[in-house]
Amino acid sequence: MNQLNSPPNGLGVHPPAPPVAQLNLNGTTRLNRFGHLGPETATQAFFHYFYNSHPFCLPEPRLLELFRERQAPLLEYAVQFLGASFLPSMPTDMYKEALNRHINNGNYPRDAFSVQALLLFSIGLHAHNEVPRAAQIFTVAQALTLELGLHRMEFALMHGGGDPQFEESWRRTWWSMFTVNGMMTAVNPGVQFKLKDVATDVPLPCENDQYFSGVSHPFH
């Protein structure tokens, strides 16, 4: 199954509506920001259809820069897997196979980018009705989250490189793990709400417009 067309599952993943042609005043078709009626690539589709529901990865320009520098290989596959799920003409199998291969082999960086990748992959798998596998992947993400210490405020400060947007991304990653853990617990019998018992001092996320513009977190 290619599209994320499972029943509404509380995770903010819904199949896209067919693009509706918007007309200019002279009757010509108005194109969207991709230059046509829909995204061209899986990564563009990720930002177009999915990102605003779970905006914890870096905003689009920063994340694309990261991918160009090959700093987050597992995350790039996860973004492409989710994005391709919204494009009927684009198969998701190659991205899913790559993700499963790297995860099963343990062949991925033990860093917060991989936490983001595992979280995205688990959401996508659940939406594809691969419920047991989604639970397995979320459990891996959960363990790596605690191993790295994302639940501690100093993680963002130590791994943000003095960059407010990076720091905010790490804070958002913790709170996204926490909230998705609660949602998954409600809809996926293989997931337990373990993160609710973890003591955390991570500040709540700032407003999206602050994050997208790179403005520092109000607590700092």
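# Chatting through a helical chain

Visitor: Which helix runs over residues 73–85, and how do its 13 residues compare with the span they should have?
Guide: That one is helix α3, in a predicted model. At 1.5 Å a residue, its 13 residues should span 18 Å, and the end C-alpha atoms sit 19 Å apart, which agrees.

Visitor: Is α3 enclosed or open, and what tells you?
Guide: Eleven of its 13 residues are buried, so α3 is largely enclosed by the rest of the structure.

Visitor: Which residues of α3 are the buried ones?
Guide: They are Leu74, Leu75, Glu76, Ala78, Val79, Gln80, Phe81, Leu82, Gly83, Ala84 and Ser85.

Visitor: And what covers them?
Guide: The cover includes α1 (42–50), α2 (60–68), α4 (93–105) and α5 (112–127).

Visitor: Let me pick Phe81. Buried or exposed?
Guide: Phe81 has a relative accessibility of 1%, so it counts as buried.

Visitor: What is Phe81 in contact with, leaving aside neighbours within four places in sequence?
Guide: Its contacts are Thr92, Tyr95, Lys96, Leu99, Phe121, Gly124, Leu125 and His128. There is also a C-alpha separation of 8.1 Å between Phe81 and Asp93, which are twelve residues apart along the chain.

Visitor: Let's zoom out. How many helices and strands are there in the chain?
Guide: Nine helices and two strands. Along the sequence the pattern reads β-β-α-α-α-α-α-α-α-α-α.

Visitor: What share of the chain is buried?
Guide: Of its 220 residues, 49% count as buried. As for contacts between residues at least 6 apart in sequence, 66% of them join residues at least 24 apart.

Visitor: Now helix packing. How do the axes of α5 and α8 cross?
Guide: The axes of α5 and α8 (residues 164–187) come within 10 Å and cross at roughly 30°. Angles under 35 degrees count as roughly parallel, so α5 is roughly parallel to α8. The crossing of this pair is left-handed.

Visitor: Which residues make that contact?
Guide: From α5 you have Ala112, Phe113, Val115, Gln116, Leu119, Ser122, Ile123 and His126. From α8 come Phe166, Ser169, Trp170, Thr173, Ser176, Met177, Val180, Met184 and Val187.

Visitor: How many of those are nonpolar, polar or charged?
Guide: The contact of α5 with α8 has eleven nonpolar and six polar residues, with no charged ones.

Visitor: What about α6 against α8: how close do the axes come, and at what angle do they cross?
Guide: The axes of α6 (residues 131–148) and α8 come within 11 Å and cross at roughly 140°. That makes α6 oblique to α8. Here too the handedness can be given: α6 passes α8 in a left-handed crossing.

Visitor: Which residues meet there?
Guide: Phe138, Ala141, Gln142 and Thr145 in α6 meet Trp174, Met177, Val180 and Asn181 in α8. By class, the contact of α6 with α8 has five nonpolar, three polar and no charged residues.

Technical notes
Residues are numbered from 1 along each chain as its sequence is written. This is a predicted model: local features need pLDDT of at least 70, side-chain atom pairs count only at pLDDT 80 or more; totals for chains, interfaces and linings use all residues. Side-chain values use heavy atoms; hydrogens and water are left out. Helices (H or I, at least four residues) and strands (E, at least two) are DSSP runs, numbered from the N terminus. The expected span of a helix is 1.5 Å times one less than its number of residues. Buried means under 20% relative accessible area, exposed over 50%, partly exposed in between (1.4 Å probe, protein chains only). Contact means heavy atoms within 4.5 Å. Axes are lines fitted to C-alpha atoms, for helices over the stretch in contact, and angles run from 0 to 180 degrees between N-to-C directions. Angles under 35 degrees count as roughly parallel, over 145 as roughly antiparallel, 65 to 115 as roughly perpendicular and the rest as oblique. A crossing is left-handed if the near helix is turned anticlockwise from the far one by less than a right angle, and right-handed if clockwise. Ala, Val, Leu, Ile, Met, Phe, Trp, Tyr, Cys and Pro count as nonpolar, Asp, Glu, Lys and Arg as charged, and the others, Gly among them, as polar.
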